[in-house]
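Keep the structure open beside you as you read.

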Amino acid sequence: ASVPTATVSATTIATALATTSIAAATSEVGRRRQLDVSVVERGAGEDALRLDAADLKDLSTGQPTTSSSVYSNSTLASNAVDGDLSGVHPNIFHSYRGNGTYQWWAVQLSCLATNPIVTIYARDCCHSSSTYQVNILLGSNALSAGPAGASGACATITDLTDSSVRERVCSGTGDVLILQSLHEGKYMHFGEVLVRGTCLSSPG
């Protein structure tokens, strides 16, 4: 008995090769994107969110800042957006404290952004260790308005310990990012705040 043979056209072969090449290319792109993504913790009880780091813009470094108070002339609000991630005193922001008050810090973002990623680099110093909690807020009013210019917290960090790095997605839209301590009458301090995201529009 003769052995059945299959006739395959050149077009069929070319199509198969092209399909294989596309699949391989797609797989490679996916692999490379996996290497580039940032895994961002959105907060307790929420799923991790993967974002392509290449699509994000630095919205905070070198931008105008303000705060409810400062501990000294060397621990200004602007220290937290100077690009230095070391967190070594005095190159940190450090508030004063006041009875009945919750200290806060704010930065004017370089553009109107939605759902920005906020990374806080805690201080890496000092004779006594600390752990504290902060609310992250997003507003679109004057920088000086502080927490009053935001409708509510978009994220919360409950374990900002010395030398730690904490990151959250701030769900919302705005061009002023505010951090507010949840400890009444206590100091507030950190080394650097980096806000990244995509711009909806430029200021002005």
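A residue is called buried when its relative accessible area is under 20%, exposed when that value is over 50%, and partly exposed in between. Keep in mind that you are looking at a predicted model.

Now to the cysteines. A disulfide is a covalent bond between the sulfur atoms of two cysteines. To find such pairs in the model, we look for cysteine sulfur atoms within 2.5 Å of each other, and by this rule the count comes to two disulfides.

Begin with Cys111 and Cys199, whose sulfur atoms sit 2.0 Å apart and form a disulfide. Find Cys111 in strand S6 (residues 104-114) and Cys199 in strand S14 (residues 199-201); because of these positions, the pair ties together parts that are 88 residues apart in sequence. The link of Cys111 and Cys199 is left-handed, with -80 degrees about the S-S bond. Are its two ends buried or exposed, or something in between? Cys111 has 1% relative accessibility and so counts as buried, whereas Cys199, at 33%, counts as partly exposed.

Next, turn to Cys154 and Cys170, which are joined by a disulfide with an S to S distance of 1.8 Å. This pair also links distant parts of the chain, 16 residues apart: Cys154 is in strand S9 (residues 150-161), and Cys170 is in the loop between strand S10 (165-169) and strand S11 (173-181). The torsion about the S-S bond of Cys154 and Cys170 is about -95 degrees, so this disulfide is left-handed. As for accessibility, both Cys154 and Cys170 are buried.

Methods. Residues are numbered from 1 along each chain as its sequence is written. This is a predicted model: local features need pLDDT of at least 70, side-chain atom pairs count only at pLDDT 80 or more; totals for chains, interfaces and linings use all residues. Side-chain values use heavy atoms; hydrogens and water are left out. Helices (H or I, at least four residues) and strands (E, at least two) are DSSP runs, numbered from the N terminus. Buried means under 20% relative accessible area, exposed over 50%, partly exposed in between (1.4 Å probe, protein chains only).
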